[in-house]
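Student: Can we go through the aromatic contacts in this one? Show me the structure.

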Amino acid sequence: MEYDTLIQQLIEFIGTFAFAISGIRHAAEKHFDWFGGYVCGIAVAIGGGTIRDVVLGTTPFWMTNPFYIICTAVALVFVIIFAHHLERLHNTWFVFDTLGLALFNIAGIQKSLAFGFPYWVAIIMGCITGAAGGVIRDVLLNNEPVIFHKEIYAMAAILGGITYWLLGVLSVPVEVTVISSFVVTCLMRFLAVRYHLSLPILKNE
């Protein structure tokens, strides 16, 4: 159990940094100041996990460990220092956003299972953990939330969650399960954007 907890914390730390960079990069595109960038970074980094923990009936994870707040500050400094280098990289925010989605999806699944909830609840909580922070970020930036776009976003997290469930049922080692779920989520997101894959669009006729 301690080993599983260590893996979950590591995933949340890395996911926090990735999501924070994504939020800060979005804020930079809107020409926000440093404080505005930090707010957007922290919103996307802890937003989904906060909603998850409130629903699960536990203290939000960032309130028991200041690392997440500090991690977002480090991400802000990273973006400020390497702004010109990041600017040369196309779709940098997209890469970090995808990594954060996959990592937080796994963290949400693991925490829900640790609280004794069934896999179907864990998959939903994983999706909320990965995608809800991006919704908060987009609202702050006055953008249409990514999950409402026709490109696949939340569905990638759900597919990653289903992968986690299937491998869990087969008693596959947790390390392999985590890596497989991560790969499926990222691969689905990358392929969806690369080949313009999407769900059917609602018609109003």
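This is a predicted model: local features need pLDDT of at least 70, side-chain atom pairs count only at pLDDT 80 or more; totals for chains, interfaces and linings use all residues.

Student: How many aromatic pairs does the structure hold?

Tutor: Five. Rings of Phe, Tyr and Trp (its six-membered ring) pair if their centres lie within 6.5 Å; planes under 30 degrees apart are stacked, over 60 edge-to-face, the rest tilted.

Student: What kind of pair do Phe17 and Phe78 make?

Tutor: Edge-to-face, because the planes are at 65°, with centres 5.8 Å apart.

Student: Which helices do they lie in?

Tutor: Phe17 is in H1 (residues 2–29) and Phe78 in H3 (residues 67–81), so the pair ties together parts 61 residues apart in sequence. Helices are DSSP runs (H or I, at least four residues), numbered from the N terminus.

Student: And Phe78 with Phe82, what's that pair?

Tutor: Tilted: centres 5.0 Å apart, planes at 45°. Ring pairs link Phe17, Phe78 and Phe82 into a cluster.

Student: New topic. Which residue lies over the face of Tyr195?

Tutor: Arg194, at 5.0 Å from the ring centre. The cut-offs: NZ of Lys or CZ of Arg within 6 Å of the ring centre and within 35 degrees of the ring normal.

Note on methods. Residues are numbered from 1 along each chain as its sequence is written. Side-chain values use heavy atoms; hydrogens and water are left out. Helices (H or I, at least four residues) and strands (E, at least two) are DSSP runs, numbered from the N terminus.
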